[in-house]
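My entries follow in the order in which I made them.

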Amino acid sequence: MTVRDLIDRALRHAARTLGGKADVVARGPGRVNLIGEHTDYNSGLALPFAIGQATVVAVRERTDDLVIVCSDQFREPVRLRLDQIHPGQVPGWAAYPLGALWGLLGAGVPRDRWRGFEASFVSDVPSGAGLSSSAAIECALLVALDDLWGLGLDSAALAAAGQRGENDVAGAPTGVLDQTAVLNGRREHAVLVDARSGDVELVPLRLACAGLALAVVDTGVSHAHSTGGYAARRASCERAASQLGVTSLRELGVEDLAAASGPLRAEDARRVRHVVGENARVLETVDALSVGDLDRVGGLMTASHMSLRDDFEVSCPELDLAVEASLAAGALGARMTGGGFGGSAIALVREADLEAVETAVRSAFDRRGFGPPRVFSVQPEDGAAVVIPADSR
Ligand code: ADP
Ligand code: MG
């Protein structure tokens, strides 16, 4: 769906669900992570980009202290008073947008600056597929409220508010990478995020010009961040860093790996090898992009997958099959993306080969008795922004 189509759909949904005309409309895209997985909570590097699939929110001010949120994905709106928005008190999906509102407290926006509002969301970001529908919905609302209330917050403050809400209100122990990508994305660019310094740098990524696209294979296997695997990987990285006497695994380079593995238990040493190698692969990817060597980018993606599969052990049979089938059908490279244990794989594919890759993945899934995957392609698009500003009223 084009951005225009999605906005039109949002306005039609808002006309049915809001108590009157919207005051502000904003768009928050999903994101994919080209490379740099499980590095963010190790103060490392990642190279995500915002995609065309997005959540659009239409917000209307109220004169009382009620907040009403509704989504085209859920029948019932959620209604709360502003003073009821606290961790543990926001039900279901509303914990994502209203968690982001709560997160504004930490950005220096006290409750007496809050006003009641109605927000109506529509989205074409598949939910739970590893494309960060959660950051899309949070960031769409945050940029809308920033405009409506004249907050003037920068993207780092908005990203932190989204993360705080997701951690404390939605209960998902995630880093700030998704919100950073969603807020800073730019058409035909990836976003190099350095979790140690907080620096964000745009890196040209002209896939379409090179006749390429990124195919996303949503395996349909649901990943749940709050369950054991993700927390166990974080714990393993923290234990290894403390045993090695470094503040984070970012302090280690590939040249340190041989010496570093000595004191560690074998499993932790493998986790460290992934994180350290992955940081290096992100920098190599940036380097390859700077000279337009997309074959090398593909090779680095595939190397990332093997490291996530064998050393970090966060893949699953469906993700491995999506990667293998894509490569066999001519992809330049492929890897799982997101936290793992399900979710999506991505493949760098010539546009002319997109159909062949999709067919190959579908029939491979069918042969193995896996449920049919969803396959679509993405391009780097603009990050979250207001599309109809409040001052245009
Ligand atoms: P991901 O971010 O990978 O899509 P998450 O589990 O982090 O997966 O977030 C998905 C959750 O976010 C959904 O279960 C739902 O609660 C909420 N969500 C995301 N987008 C929407 C939307 N458009 N409408 C309502 N809830 C949404
Ligand atoms: Mg998410």
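**Sheet with β1 and β13**

I began with strand β1 (residues 24-33), which runs antiparallel to β13 and is joined to it by three bridges. In this pair R27 stands opposite A385 of β13. The model is a predicted one, where local features need pLDDT of at least 70 and side-chain atom pairs count only at pLDDT 80 or more, while totals for chains, interfaces and linings use all residues. Residues are numbered from 1 along each chain as its sequence is written, chains are lettered from A and ligands numbered from 1 in the order in which they are written, and side-chain values use heavy atoms, with hydrogens and water left out.

I noted how the terms are set: helices (H or I, at least four residues) and strands (E, at least two) are DSSP runs numbered from the N terminus, and two strands pair if DSSP finds at least two bridges between them.

I then traced the whole sheet, an open one of six strands with mixed pairing, in the order β5-β4-β6-β3-β1-β13. Its edge strands, β5 (74-81) and β13 (385-388), each pair on one side only. From one strand to the next the twist averages 25 degrees; axes are lines fitted to C-alpha atoms, for helices over the stretch in contact, and angles run from 0 to 180 degrees between N-to-C directions.

Next I looked for helices on this sheet. Helix α1 (residues 3-17) lies across β1, β3 (48-61), β4 (66-71), β6 (117-123) and β13, at about 140 degrees to β6. Helix α2 (residues 95-103) touches β4, β5 and β6, and its direction makes about 130 degrees with that of β6. Contact here means heavy atoms within 4.5 Å.

**Sheet with β9 and β11**

I moved to an open antiparallel sheet of four strands, ordered β10-β11-β9-β12. β10 (333-337) and β12 (374-378) are at the edges with a single partner strand each, so one side of each has no neighbour in the sheet. Seven bridges pair β9 (residues 212-218) with β11 (residues 344-350) in the antiparallel sense. I picked out D218, whose bridge partner in β11 is S344. Helix α10 (residues 317-328) packs on this sheet and touches β9, β10 and β11, its direction making about 165 degrees with that of β10.

**Lining of a pocket**

Which elements each supply at least two residues to the lining of the second largest pocket? I found α4 (155-168), α5 (177-184) and β7 (189-194). α4 gives the most, with five residues. The lining divides into nine nonpolar, seven polar and three charged residues.

**Whole chain**

Last, I checked the totals: the protein chain has eleven helices and 13 strands. Its C-alpha atoms fill a box of roughly 65 × 50 × 40 Å, taken along the principal axes.

Notes
Ala, Val, Leu, Ile, Met, Phe, Trp, Tyr, Cys and Pro count as nonpolar, Asp, Glu, Lys and Arg as charged, and the others, Gly among them, as polar.
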